[in-house]
Amino acid sequence: MSEPDVLHRSELAAPDGRRLEASGVFHLCGAVYTVTFETPAGLATFLELYRSEADDTKVARLHLTPQGTGLPASNLRFQLSLAHEVAAAVLIAMDADGRSHSWRTRGEAGPANVLLAHDSWHPAETALPPESFITVAELHTVLTEWAFGETLPPPAVRWLSVRDVGWF
């Protein structure tokens, strides 16, 4: 693992410079919601609802997709523990040259007895180490910067470059 390289939003795989749309799939109260975020305020409103009603046994999956393509240029997955107020995330981005870049959060917010993963179906195989735990408040900023900021990984927290995590 190494210090992360940085991608600018303009370097992501977005044919013809198409606008990137942020969306996500979230589990709340026994239902699965797909949400598109049009503004930082809309994202903040949804995140407050998610924080209060989330099924934190599930991983949230987010996508930055060039408008009209259906193929994401970046994916971010995170899981949080509401009881411990911690989260961890993994981020993948595809640049305009077709190279994949992968990162995971780096922090010191969580106890070792919390299991956070980047895949709900295979949590043991995709568990994120405690040194990747950030606070839920930091996660909020990370998600806003990922959806609407200019660089990946989002600068709100420290990140580590990691080998491809096996999904895009």
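Residues are called buried under 20% relative accessible area, exposed over 50% and partly exposed in between, with a 1.4 Å probe and protein chains only. The model examined here is predicted, so local features need pLDDT of at least 70 and side-chain atom pairs count only at pLDDT 80 or more, while totals for chains, interfaces and linings use all residues. Residues are numbered from 1 along each chain as its sequence is written, and side-chain values use heavy atoms, leaving out hydrogens and water.

Helices (H or I, at least four residues) and strands (E, at least two) are DSSP runs numbered from the N terminus. Helix α1 covers residues 40-53, 14 residues in total, and reaches 20 Å from its first C-alpha to its last, close to the 20 Å expected at 1.5 Å a residue; the expected span is 1.5 Å times one less than the number of residues. Its buried residues are L43, F46, L47 and Y50. Seen down the axis of α1, these fall within an arc of 105°, so they line one face of the helix; the arc is that of the directions from the helix axis to the C-beta atoms. On the face turned away from the buried side of α1 sit the exposed residues A41 and T45. The buried residues of α1 pack against β2 (20-28), β3 (31-37), β4 (60-66), β5 (74-81) and α2 (136-148).

Next comes the nonpolar core, meaning a set of buried Ala, Val, Leu, Ile, Met, Phe, Trp, Tyr and Cys residues joined through side-chain atoms within 4.5 Å. The largest such core has 35 residues, of which F26, Y50, L76, F78 and W146 touch the most other members. Helix α2 gives the largest share of this core, six residues. Leaving aside neighbours within four places in sequence, L76 is in contact (heavy atoms within 4.5 Å) with residues including L62, V90, L143 and W146.

Two strands pair if DSSP finds at least two bridges between them. β5 and β6 pair in the antiparallel sense over eight bridges, with F78 opposite A89 in β6. Strand β7 (residues 100-106) also pairs with β6 in the antiparallel sense, over five bridges, and A93 stands opposite H101 in β7. In the hairpin of β6 and β7, G98 takes a positive phi near 85°.
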